[in-house]
Amino acid sequence: MKPIFSRGPSLQLRLILAVVMAISLIIVDSKLSVFSKVRSYLDTAISPFFFVANGPRDVLDGVSDTLASREDLQKENQRLREEMLLKSSDLLLLGQLRQENERLRELLGSPLRGDEHKMITQVLSTESDPYSYQVVIDKGFQDGVYEGQPVINDKGVVGQVVAVARNTSRVLLICDTSHSLPIQVLRNDIRVIAMGAGCTEDLQLEYLPRDTDIRVGDVLVTSGLGGRFPEGYPVAVVSSVAIDDQRASTVIQAHPTVALQRLRYLLLLWPTDRDGETPLPPEEVRRIAKERLRQMMPQVLPPESEPPTPPSNATPPTAVPSPTPAPAPVRSNRGAR
């Protein structure tokens, strides 16, 4: 009976034959170039299988790179947004600091007399009462602040201290209805009293005679009377002049030189003459006021009146011999000049 499975050569024999054949092929391939074309054809035939085998890996790598790059872009975009926000806030803070620096420079540049001392203070809050115009500052009696102390800024008079605590003080503005201030007209040295009518209204100069020489545009400065406010600081500019026929008086309004509703940094003054025992004469007040206005508000200074100059082509008068003395025509020429 014939077996189903025939018995072939042994495995050892097969191995030996395979090794001998492989060595032979290697020797023949190294000595002869017979199999180079065969190898090329075989590589070309199986190359599509490499692409097919590597396809899933390439697709997965591409998807992974796309997702990673998208996530990186989102993170970088978020980081750039945060940096831009921080830079914008820094720019805003830089602009605000620059403005505050300019304000402080203007404030420190306010002209003072040699016997006056100043201190910078900041407004902490404003009074919410519509009938009371006061502000709270960050200096108190431990800083030497006292009641009645004058307060100014780089544009003129702001008010005076009415209440003092340890670290804060309360300042009554010149526009308050309970505040009055002795002032002087810079043009002609008339001394009057300016009273507040609310910060939404101008200062009032009431109950003046009808013939009072005050005009629109006149600059009003502190007169120094009373010894509370130093002389020569700008207060207001006359905005309107009206005649009250019923009372036979002149009602004058003056716009403050300080923007009293936009206060930030102020100056506290320590004048040496607090009691006002030796007020300066009007001429000295005018000189001091012009010096201060030249630095603080040069645009409100009244124009200087210059004497007329003779024309350049004018010929001097010729002397004519006469029995009478000649000084008479010389005097007439000086009077005309």
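1. At 26% relative accessibility, Glu-284 is classed as partly exposed. The model is a predicted one. The partner of Glu-284 is Arg-287, and the closest N and O atoms of this salt bridge lie 2.2 Å apart. Arg-287 is also partly exposed, its relative accessible area being 40%. Both residues belong to helix 3 (residues 282-296), where a spacing of 3 residues puts about one helical turn between them.

2. A network is also present: Arg-187, Asp-213, Arg-215 and Asp-218 are joined into one by salt bridges that share partners. In total, the structure holds 6 salt bridges.

3. Helix 2 (residues 36-108) carries the pair Glu-83 and Arg-79, which are 4 residues apart and therefore separated by about one helical turn. Their salt bridge has its closest N and O atoms at 3.1 Å. Glu-83 is partly exposed, with 37% relative accessible area, and Arg-79 is partly exposed as well, with 39%.

4. Asp-138 and Lys-139 form a salt bridge through their side chains, with an N to O distance of 3.6 Å. Asp-138, with a relative accessible area of 25%, is partly exposed.

Notes: Residues are numbered from 1 along each chain as its sequence is written. This is a predicted model: local features need pLDDT of at least 70, side-chain atom pairs count only at pLDDT 80 or more; totals for chains, interfaces and linings use all residues. Side-chain values use heavy atoms; hydrogens and water are left out. A salt bridge is a side-chain nitrogen of Lys or Arg within 4 Å of a carboxyl oxygen of Asp or Glu. Helices (H or I, at least four residues) and strands (E, at least two) are DSSP runs, numbered from the N terminus. Buried means under 20% relative accessible area, exposed over 50%, partly exposed in between (1.4 Å probe, protein chains only).
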